[in-house]
Amino acid sequence: GLEGSAARFAAQYGSAEEVAALEHFMTAFARALRAPAVLAKINRDFHRAVREAAHNAYLLQTLGEFDTTLSLLPGTTFDAPGRGDEALEEHIQIVKAIKLRDPDAAEHAARHHIQQAQEARLSLLFSCA
């Protein structure tokens with residue numbers, strides 16, 4: 001998907017400063033693991049930073065619109081038990097691949113991350129039903 005493409009391009013075109021920003025968000029995320037609302041904000045910042053590092057205006061705009069739609073859903077996937085820890089590990093894999101300038105690994109890690117987030121979202125929706 002588009003998030004995978006953004007990570008791929010970030011691995012190819014992201015500056016050292018942009019990669020450092022991703023590491024900063026990853027560290028902040030790790031420190032906030034028990035606060036779902038804080039995790040949700042840091043997660044949005046992390047994904048925006050990946051898109052900015054991709055240097056692709058289309059991805060930035062399209063995924064920004066998708067974020068706006070997601071923000072209308074109730075709660076956060078980080079309300080799901082263990083999701084914060086899983087997402088942290090997924091973020092680590094994304095950043096590691098971007099830092100290594102490995103576009104294939106970055107795309108794969110980002111796709112996996114989005115898939116896991118979607119599954120967490122669905123489990124929350126159905127557990128409330």
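At what angle do helix α2 and α5 pack, and how far apart are their axes? The views below, all taken from a predicted model, begin with this pair and then turn to the largest pocket.

**View 1. Packing of helix α2 against α5.** Helix α2, which covers residues 16-31, packs with α5 at an angle of about 165°, and the axes of the two helices lie 10 Å apart. Because angles over 145 degrees count as roughly antiparallel, α2 is described as roughly antiparallel to α5. The crossing in which α2 passes α5 is left-handed.

**View 2. Residues in the contact of α2 with α5.** From α2, the contact is made by Val19, Leu22, Glu23, Met26, Phe29 and Ala30, while α5 contributes Gly84, Ala87, Leu88, His91, Ile92, Val95, Ile98 and Lys99. Sorted by class, this contact of α2 with α5 comprises 10 nonpolar, 2 polar and 2 charged residues.

**View 3. The largest pocket and the residues closest to its centre.** The largest pocket holds about 550 Å³ of space. It is lined by 23 residues, of which Asn43, Leu70, Thr77, Ala117 and Arg121 are the closest to the centre of the pocket.

**View 4. Helices that supply the lining of the largest pocket.** At least two lining residues come from each of α3 (36-54), α4 (57-70), α5 (83-99) and α6 (103-127), and the largest share, 6 residues, belongs to α3. By class, the lining consists of 9 nonpolar, 8 polar and 6 charged residues.

Definitions and conventions:
Residues are numbered from 1 along each chain as its sequence is written. This is a predicted model: local features need pLDDT of at least 70, side-chain atom pairs count only at pLDDT 80 or more; totals for chains, interfaces and linings use all residues. Side-chain values use heavy atoms; hydrogens and water are left out. On a 1 Å grid over the protein atoms alone, a cavity is a set of points where a 1.4 Å probe fits but cannot get out, and a pocket is an open set with protein on both sides within 12 Å along at least five of seven lines; lining residues have an atom within 4 Å of a point. Grid points are joined across faces, edges and corners, and a volume is the space filled by probe spheres set on the points. Helices (H or I, at least four residues) and strands (E, at least two) are DSSP runs, numbered from the N terminus. Ala, Val, Leu, Ile, Met, Phe, Trp, Tyr, Cys and Pro count as nonpolar, Asp, Glu, Lys and Arg as charged, and the others, Gly among them, as polar. Axes are lines fitted to C-alpha atoms, for helices over the stretch in contact, and angles run from 0 to 180 degrees between N-to-C directions. Angles under 35 degrees count as roughly parallel, over 145 as roughly antiparallel, 65 to 115 as roughly perpendicular and the rest as oblique. A crossing is left-handed if the near helix is turned anticlockwise from the far one by less than a right angle, and right-handed if clockwise. Contact means heavy atoms within 4.5 Å.
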